[in-house]
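Hi everyone, thanks for making time this morning.

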Amino acid sequence: MRNFNLFCFILIASSLCSLAAILPNQKLNQNEVRALKEIAKKLGKKDWDFREDPCSGEGNWSVPVTMKGFESSVTCDCTFDQMSACHIVSIALKAQNFTGRVPPEFAKFRHLKHLDLSRNYFNGSVPSEWATMSLVDLSVMGNRLSGPFPKVITKMASLVNLSLEGNQFSGLIPSQIGLLVNLQKLVLSSNAFTGDLPVALAKLTSLTDLRISDNNFTGKIPDFISSWKDIEKLHMQGCSLQGPIPSSISALTSLSDLRISDLTSGKSTFPLLKDMKSMKVLVLRSCLIHGEIPEYIADMEKLKNLDLSFNNLTGEIPESFDRLTKVDFMYLTRNRLTGPIPDWILQRNKNADISYNNFTSIPTGSDCPRGSVNLVESLSSAAGKSVHPCLKQEFPCYDTKNQEHYSLYINCGGKEVIISNNTVYKEDTESRGASMFYWGQTQNWALSSTGNFMDDDQDSDTYIVTNVSMLYNTTPPVSELYRTARTSPLSLTYYGLCLLNGNYTVKLHFAEILFTNDSSFNSLGRRIFDVYLQGKLVLKDFNIAAEAGGPGKPIIKTFTVSVTSRTMKIHLYWAGRGTTGIPQRGIYGPLISAISVDPNFKPPVHHKSISSTVLAGTIAGSVCFLALLLGILHKKGCFGGKTSTDKELRGLDLQTGLFTLKQIKAATKNFDPANKIGEGGFGSVYKGLLSDGTIIAVKQLSSKSKQGTREFVNEIGMISALQHPNLVKLYGCCVEGNHLMLIYEYMENNCVSRALFGKDAATKLKLDWPMRRTICLGIARGLAYLHEESRVKIVHRDIKTSNVLLDKDLNAKISDFGLAKLNEDDQTHISTRIAGTIGYMAPEYAMRGYLTSKADVYSFGVVSLEIVSGKSNTNYRPKEDFVYLLDWAYVCQERGSLLELVDPELGSAYSSEEAMVLLNVALLCTNAAPTLRPTMSQVVSMLEGRTAVQDLLSDPGFSTADSKFKAIRNHFWQHPSVSHSMSTDGLNSDSSLSNLDRVENFVEQRSG
């Protein structure tokens, strides 16, 4: 209908021009000629030829279009007063860079119906004199107009089409907008409007096109959208609205173009869109949608573009999607989709991005570079070893034996460049980008690109751009990095592959090269996107030009990034913000010029792969050597000898730094009691500030602690070789005189124990349900890394709430590796003296000294119960009949009332489904039989929803075969004195065995 109306207008305008040309005696009303002259003078428009009557058809009153977006035309209607008078009915002055305020003289054209001032450089606002105009179409898109919503517009009741897009209007949308009852098209995108969407918008029942993207609204998407029954195009992207998408959207059955993205809150299942048979473009990106994709999407026979990315969608890709043969672009990336990857997706020559999901299998022989299908990180973490690493979660190093890199330089979108210090920036000239994975020629980097540029009227999109503006503050050869750039309309991820673990300095090079640095509409674009490093948001609503001081000016953003699993990820994401139509449609989204990655450590001289066995032996040998060295020094009374101990530690070449006592004293203000943040069996913990601004935690060995020396050595040996987002980071140690100290990253929120059980209200945190679930998942991921993913397998032995620290974002970090043990691959278990903490130790370990990774699994189960319930396992007794929290948990499980365990402080503000999963997983982990406990990777899979939690009641192994284990466990908890010294050295294996024999006799007597 809209295109038909436009066609009719063009036809009528052409007819009017022709009619004016054959009626030479008719001339434009002189008042309107004078108004044109006033406007020309104010605008500096010198190409209007007033020697020719504007309605004569002569002169240059209607200039042929020579460039896209440009228009200069004055159209007359000479049918007034029985074809005796001419009046101007349409003026278009588009893309001519007029400056200053909008001339009020346009109001002097009493018959003006169509006014288009798009893409100029006007400032101020809409003149109040325009209140008397009877405009049908008004566009001031792409200018610098500012201030509140111009209420003068609300007095133009005749308006049918209104566009204020791409200006700087702000504040609330006034309720008077409801007076524009004839509006069919309303475009308010890319301004700074705030507040809730006014109810008055419901009165605009004739709307067919509404676009409000890129604003700062508050509140939810309103239910009254159901009033727009004729609406065909609805855009609500990146405008800060909250979800969920209301069910009333189902009434909008005329929709052909629906785009909603980046809702700030409000989870929901997939909205009901079943009757929208005219849908061509469907974008529901980052809308917090969970559950399965409905089959009826396949009934949208006209669908061309489908984007459901960045949600929490689960289940399989519907089989019915095979019928979506007209869909040119399908984006399902970054969900939790499962099941096999359908063959039809790989066989079609259509763009499909299904990366970053949890699919279980893929057709044989498939890998990531699959033409128009992006498969990177598409398989679950449980995928077999035979699949290519690029298909696996986190994209692990593809050749750990032969590939060890410690730097990376990429000229994004450009050819190879060598700068003055002989640094070579690698070529990145792959032209594709809609659903593309590309592996760099040197194999140490890759990129993943998602999205197509919408509404640009181009047959093929351009993902590599060249500068249109002059470059400032840079000279060759460095300037070559900024002449080209890679851009993406949605999501762009660069990978650094097979990097050595450690800290790196990452420099992201940017320059806005598609906007100009002048006083033209080409300078008015706003490119805004987000940047993530290793999954962490580091730049929110980043605007290159604003940060750099204008287009064409390079800016480098520098970050310190920790690589813990040999892979670095640099992710750029468009969250619907910024302009999309300046200087023309399709210019938006992330843009990056170059990337440099340098190590913050001394690179190795050569790169030889070290096997797990050798590495384990190296660490064990280092630990033993340290222990022997310190023991000899202690016995000789020269434990305080600074030079020898420090020298020996340096000689071990452990992956950690050495700090001087002077540095630590300066950082902690000479161990000021005000900086003391904790006390443990090891000694005191202090907060410190290094000279470079790094905040640290200093763990000081108490001179009274004999065990501390051994733990100190063990902790350095263990954690210096391990790095993971859920393990606390060890910066280094200090060994001088009689001082032994470990220097860790500082955790702003202390530990889980204090957060949950702190007696001081100031230290106890209010942890909501999502926080608690995230903490449990973080602990699980950290343990999975220790047990299964690191090159050396380690059992922590002391997992408890006080050994799980929380950073400023409440991310869980496992700490205190003083009791950790290496677990060689060929060992079924470790026989060791018992050490740990009562309340968290598995029965078989506490009583036999039988240690496997399943002991940590048991401890995780206890910790999870504590986090869900907000109660301490050893200090909480709900009734006299219950000895400990775990006892109560099993009773609740048997009664079918597990949710009684949930912390009452949460009230009803938690997901009962997620709580049941977490509680059942915790009970699986605390199974009396170690063989029936899951592995930590299975725990992660269950908590992430990729694997169903087995029913404990229906598990015969749980309910019958392990009754003796249950009784042993219960007796152990009710009689902790059997192993009273567990928290220190514990018992040796022999004495543990005799204790176990006594307990087994006790159990047999009870059962008899």
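**Starting at Thr564**

Let's begin with Thr564, which, apart from its neighbours within four places in sequence, is in contact with Asn501, Gln723, His724, Pro725 and Tyr785. Before I go on, please keep in mind that this is a predicted model. Thr564 sits in the loop between strand E36 (555–563) and E37. Is Thr564 buried or exposed? Its relative accessibility is 9%, so Thr564 counts as buried. Also have a look at Leu500: it is 64 residues from Thr564 along the chain, yet 8.3 Å separates the two C-alpha atoms.

**The sheet that E37 belongs to**

Now let's follow E37. It is part of an open sheet of six strands, in the order E28-E29-E32-E37-E34-E35, and the pairing is antiparallel. Which strands stand at the edges? Those are E28 and E35; each has a single partner strand, so one side of each lacks a neighbour in the sheet. On average, and ignoring direction, neighbouring strands here are turned by 15° against each other.

At the E28 end, five bridges join E28 to the antiparallel strand E29 (residues 445–450). In that region you can find Trp439 standing opposite Ala446 in E29.

Asp541 has a positive phi, near 50°, although it is a residue other than glycine. For background, most residues other than glycine have a negative phi, and most peptide bonds are trans. Asp541 counts as partly exposed, because its relative accessibility is 33%.

**Aromatic pairs**

Next, the rings. The model has 27 aromatic pairs. Take Phe310 and Tyr573: their ring centres are 4.6 Å apart and the planes are at 40°, so this pair is tilted. It links distant parts of the chain, with Phe310 in the loop between strand E19 (305–307) and strand E20 (312–314), and Tyr573 in strand E37, 263 residues apart. Phe310 is buried, with 17% relative accessible area, and Tyr573 is buried too, with 5%.

Then there is Phe437 with Trp439. What kind of pair do their rings make? The centres are 6.1 Å apart and the planes are at 80°, so the pair is edge-to-face. Phe437 and Trp439 are both buried. Ring pairs also tie them into a cluster with Phe395, Tyr398 and Tyr495.

In soluble globular proteins, nonpolar side chains tend to be buried together. In this model, the largest nonpolar core has 121 residues, and those with the most contacts inside it are Trp130, Trp228, Met236, Leu284 and Ile297. Several elements supply at least two residues each, including strand E2 (71–79), strand E15 (233–237), helix H4 (343–347) and strand E28 (435–439). Which element gives the most to this core? That is H2, with six residues.

If you zoom in on Trp130, and leave aside its neighbours within four places in sequence, you'll find Val102, Pro103, Pro104, Phe106, Ala107, Leu115, Leu117, Leu138, Val152 and Met156 in contact with it. There is also a second, separate core of 66 residues, which includes Cys776, Tyr858, Tyr884 and Leu898.

**Helix H16**

The buried ones are Met936, Val939, Val940, Ser941, Met942 and Leu943. They pack against helix H11 (769–789), helix H13 (853–869) and helix H15 (912–925). After H16 comes Gly945, with a positive phi near 85°.

**A few local details to check**

I'll finish with some spots worth a look. Arg486, in strand E31, is buried, with a relative accessible area of 0%. Its side chain makes a polar contact of 2.8 Å with the side chain of Asp428.

Where are the cis peptide bonds I'd like to show you? One runs from Pro476 to Pro477, and Pro477 lies in the loop between strand E30 (464–466) and strand E31 (484–487). Another runs from Ile582 to Pro583, with Pro583 in the loop between strand E37 (568–573) and strand E38 (591–592).

Finally, Asn97 is not a glycine, but has a positive phi of about 60°. You'll find Asn97 in the loop between strand E3 (85–94) and strand E4 (99–101), and it is partly exposed, at 29% relative accessible area.

How values were computed. Residues are numbered from 1 along each chain as its sequence is written. This is a predicted model: local features need pLDDT of at least 70, side-chain atom pairs count only at pLDDT 80 or more; totals for chains, interfaces and linings use all residues. Side-chain values use heavy atoms; hydrogens and water are left out. Helices (H or I, at least four residues) and strands (E, at least two) are DSSP runs, numbered from the N terminus. Buried means under 20% relative accessible area, exposed over 50%, partly exposed in between (1.4 Å probe, protein chains only). A nonpolar core is a set of buried Ala, Val, Leu, Ile, Met, Phe, Trp, Tyr and Cys residues joined through side-chain atoms within 4.5 Å. Contact means heavy atoms within 4.5 Å. A polar contact is a pair of N or O atoms within 3.5 Å; within protein, one must be able to donate a hydrogen and the other to accept it, and residues adjacent in sequence count only if both atoms are side-chain atoms. Two strands pair if DSSP finds at least two bridges between them. Axes are lines fitted to C-alpha atoms, for helices over the stretch in contact, and angles run from 0 to 180 degrees between N-to-C directions. Rings of Phe, Tyr and Trp (its six-membered ring) pair if their centres lie within 6.5 Å; planes under 30 degrees apart count as stacked, over 60 as edge-to-face and the rest as tilted.
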